[in-house]
Every structure is written in structure tokens, then in C-alpha cells.
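Here is a short briefing on one protein chain. Look over the sequence and the structure first, then read the points below.

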Amino acid sequence: MRIDGELVTAEEGQTVLEAARAHGKMIPTLCHLQGLSAAGSCRVCVVELAGSDRLLPACTTPVQEGMSIRTSSAKLTLYRKMAVELLLVERNHVCSSCVSNGHCELQALAQALGITHVRYAYNSPRLPVDMTHPRYVLDHNRCILCTRCVRVCAELEGANVWEVSARGIHSRLVSDLAASWGSAESCTACGKCIQACPTGALAEKGEAHEIGKASEAITKLAARRAGQSGNHPLIG
């Protein structure tokens, strides 16, 4: 296959994103976290496929023999900016008062794309902050519905605490069938969702300064667990 005109090889079962990164081609992502299943929800990783008018999400598109992919162009930058801007206006992302300021993947991507303002009207919804858990807090104002927390809780911890309810702009992250997080009996307080979250939506209490996340720890944990059965692409 070709990526940005360069002839490369890829393995059957790989996605375009995996093949591109294996050859040093960086494609921006938000909902993707290596070691977890792909969701394709943020649409930031869209790429162009020769012969198709559609933009395809690189994280869920499997490689095929002879395909030609473009990962960077003026068109892709436009659509990626649009996706990030829509995320910024949907909730209340005030970076200066966010616990993840300076460590936020959404903030970093906006800066990388040169987004200094948005072209759309802010929704400014009145959203709650769930502080019922003794250790952690959920701020719906910062959530981008990437479902990283949903997947890491289900796939690595096996607790299945999180899910997304409703649809469209009314979608909300919920725990244990819309119970408060503090009363969610299935929660093991492991903190994996905190580390997987790309923004300040999920954070640990008691952090008065900007905190960094360790999402790479999730990838390493997934690799170690899958490596015991010898079927994970990160092991070998």
C-alpha cells in the first residue's frame, strides 16, 4: 500500500492508523488509545483514500492490498479543525480553570491545528459535576464522549461501570444505570478511567494544580495482559 505516496508494507488485520504509525506517519487522534478497541467516534483521524470521495477514520479502517492513503492535506486539516471546534463548543471547555490545563489532549490538538478561536456558537450547557465518589470526580463539562473510560473499564478492569446514555448533544456518561458514581457498586476505584481520559472530565480529588495523565500505562497494561496469551501486536 501507499501512505502519502510512499510504498509501505502492512500486516493483515492492521488498521490504517497502525500501519501509518509503524512507518512514522503521525495521524492525530482523540478517542483512540492503543491497547483498547477502536471506537472511531472523534473523527479526528480521518484520512483520504484514493478513488473514494469519503473521508475514512484511520483507526477503524483495515488496510487492503494496493490502497493509497493520504494522511495530510488542506482538506484533512479543514475537517480536523471542524471536528475539534465542534467538540470545543459542545461543552464548557474553559482551559484556564481546568485541572488538566497543560496536560489535555484536546487542548494540545487544538494548538497543533492552529485553532485560536471557533467559528460556531457555544452551546454553553448547564452540566453537573459528580463529586460523590470518595476519590474521584466526574465533570461533564469537560467530557468529549470519546468512550476511553467505557472501554478501559470494560476491557481491562472488567467492571463495566461506564456507559453513554441518550443521543446527540444530550448524550451523557453514566455509571451503573445512571446512578451517582459514589453509589456505583461495580466500581473498584482502580483509577484506570482517570488515566485513560484525554481531558479533565475524570480526575482525582485533592489535585489543586494541573495534573498529567498516564495513558501510556494503559497501553502497557493491555500489552502485558494480552502478552500472556501471545496475541497482542505490542508483544513480540
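**Salt bridges and overall build**

Asp-139 and Arg-142 join their side chains in a salt bridge, with N and O 3.4 Å apart. The model is predicted. A search of the whole structure finds 5 salt bridges; three of them are described here, together with the fold and the surface.

**The Asp-139 and Arg-142 pair**

- Asp-139 has a relative accessible area of 14%, so it counts as buried.
- Arg-142 is buried too, at 10% relative accessibility.
- The cut-off behind both calls is a relative accessible area under 20%.

**The Glu-85 and Arg-119 pair**

- Glu-85 forms a salt bridge with Arg-119, and their closest N and O atoms are 3.0 Å apart.
- This pair links distant parts of the chain, 34 residues apart.
- Glu-85 sits in helix α2 (residues 74-90).
- Arg-119 sits in the loop between α3 (105-112) and β6 (129-130).
- Glu-85 is buried, with a relative accessible area of 4%.
- Arg-119 is partly exposed, at 46% relative accessibility.

**The Arg-148 and Glu-105 pair**

- Arg-148 and Glu-105 form a salt bridge, with 2.8 Å between the closest N and O atoms.
- Arg-148 lies in helix α4 (residues 148-157) and Glu-105 in helix α3, so the bridge ties together parts 43 residues apart in sequence.
- Arg-148 counts as buried, at 1% relative accessibility.
- Glu-105 is partly exposed, with a relative accessible area of 26%.

**Fold and dimensions**

- The protein chain holds 6 helices and 10 strands.
- Its radius of gyration is 18 Å, which agrees with the value near 18 Å for a compact globule of 236 residues.
- Along the principal axes, the C-alpha atoms fill a box of roughly 55 × 50 × 30 Å.
- Take the contacts between residues at least 6 apart in sequence: 62% of them join residues at least 24 apart.

**Burial, surface and charge**

- Of the 236 residues in the protein chain, 46% are buried.
- The chain exposes about 12,300 Å².
- The protein chain carries 24 positive and 22 negative side chains.
- The centres of these two sets lie 4 Å apart.

Definitions and conventions: Residues numbered from 1 in each chain as written. Predicted model: local features only at pLDDT ≥ 70, side-chain atom pairs only at ≥ 80, totals over all residues. Heavy atoms only, no water. Helix = DSSP H or I, 4+ residues; strand = E, 2+ residues; numbered from the N terminus. Rg over C-alpha atoms; globule rule 2.2 N^0.38 Å. Buried < 20%, exposed > 50% of the residue type's maximum accessible area, 1.4 Å probe, protein only. Contact = heavy atoms within 4.5 Å. Areas by Shrake-Rupley, 256 points an atom, 1.4 Å probe, with all protein chains shown as cover. Lys, Arg positive; Asp, Glu negative; His and termini not counted. Charge placed at Lys NZ, Arg CZ, Asp CG, Glu CD. Salt bridge = Lys/Arg side-chain N within 4 Å of Asp/Glu carboxyl O.
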